[in-house]
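Dear colleague,

I am passing on the structure that follows, together with an account of what was found in it. Please keep the model open beside this message as you read.

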Amino acid sequence: MIDTPEVVKTQPLTIAKIYQVVPANQIQKVMGKTLEELRNGIKEQGKTITGPWFVHHIKPPAQNFDFEICIPVSEPIEPTERMQAGEWPAMTVIRTVYRGGYEGLSGAWVEFSKWIKTHGHNVESDIWERYLVGPETGSDASAWQTELNCPLTER
């Protein structure tokens, strides 16, 4: 279900982001609208998107999703309404790629978490998913790729 995880050092990114907390049963309805709002805001400012969008889950998903949708941009944006400028820091993460439809993501996270525990890694409580290939590329969900990332603790 997931690729063999690996430890990776990431690069810093200039991002545009929208933060929100929503009930778990609303996530599918909210995610697409928020992503569209963010992309439109970036476009209106004439900024260039420089990579795949990602979701930073500040707390592990439970009854509510406490997260920010982030898009890497070529230069800082001007904050407007819900869209904020940000810098995504460089960090060391454990990373894997899940291949398949979004309905399988929770199972992929369970598998990934077991792998992390089995291999004795210490990770932070926040996580992030980067959407490498998704519905915008075609309806064959088996071709979709979502990168799963867990920042390592500094212990």
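This is a predicted model: local features need pLDDT of at least 70, side-chain atom pairs count only at pLDDT 80 or more; totals for chains, interfaces and linings use all residues.

Residues are numbered from 1 along each chain as its sequence is written, and side-chain values use heavy atoms, with hydrogens and water left out.

On confidence, pLDDT is the predictor's own confidence in each residue, on a scale from 0 to 100; the chain averages 94, and 99% of the residues score at least 70. Helices (H or I, at least four residues) and strands (E, at least two) are DSSP runs, numbered from the N terminus.

To return to I15, this residue sits in strand 2, which covers residues 13-23, and I15 counts as buried because its relative accessibility is 2%; buried means under 20% relative accessible area, exposed over 50%, and partly exposed in between, with a 1.4 Å probe and protein chains only. One of its contacts, G86, is 71 residues away in sequence, yet the two C-alpha atoms are 5.0 Å apart in space.

The interior comes next. A nonpolar core here is a set of buried Ala, Val, Leu, Ile, Met, Phe, Trp, Tyr and Cys residues joined through side-chain atoms within 4.5 Å. The largest such core has 30 residues, and those with the most contacts inside it are L38, W53, F67, I69 and F112. The elements that give two or more residues to this core are strand 2, helix 1, strand 4 (64-72), strand 6 (92-99), helix 2, strand 7 and strand 8 (145-151), with helix 1 giving the most, at 6 residues. L38 itself touches A16, K17, I18, I69, C70, I71 and M83, not counting residues up to four places away in sequence. There is also a second, separate core of 8 residues, which includes I15, F54, C70 and W88.

What lines the largest pocket, and which residues lie nearest its centre? Its lining consists of 20 residues, of which M31, Y102, L105, E129 and Y131 lie nearest the centre. Helix 1 (27-44), helix 2 (105-118) and strand 7 (127-133) are the elements that give two or more residues to this lining, and helix 1 gives the most, with 6 residues. By type, the lining residues divide into 12 nonpolar, 4 polar and 4 charged, where Ala, Val, Leu, Ile, Met, Phe, Trp, Tyr, Cys and Pro count as nonpolar, Asp, Glu, Lys and Arg as charged, and the others, Gly among them, as polar. On a 1 Å grid over the protein atoms alone, a pocket is an open set of points where a 1.4 Å probe fits, with protein on both sides within 12 Å along at least five of seven lines, and lining residues have an atom within 4 Å of a point. The volume of the largest pocket is about 670 Å³, taken as the space filled by probe spheres set on the points, with grid points joined across faces, edges and corners.

A few single residues are also worth a look. H56, in strand 3 (residues 54-57), is buried, with a relative accessible area of 9%, and, leaving aside its neighbours within four places in sequence, H56 is in contact with D66, F67, E68, W88, D126, I127 and W128. W144 lies in the loop between strand 7 and strand 8 and is buried as well, with a relative accessible area of 11%; beyond four places in sequence, its contacts include Y98, Y102, V133 and P135.

E81, in the loop between strand 4 and strand 5 (84-88), is exposed, with a relative accessible area of 79%, and its phi is near 45°, a positive value in a residue other than glycine. P89, in the loop between strand 5 and strand 6, is partly exposed at 45% relative accessible area, and apart from neighbours within four places in sequence it is in contact with T10, Q11 and P12.

With best wishes

Technical notes
Contact means heavy atoms within 4.5 Å.
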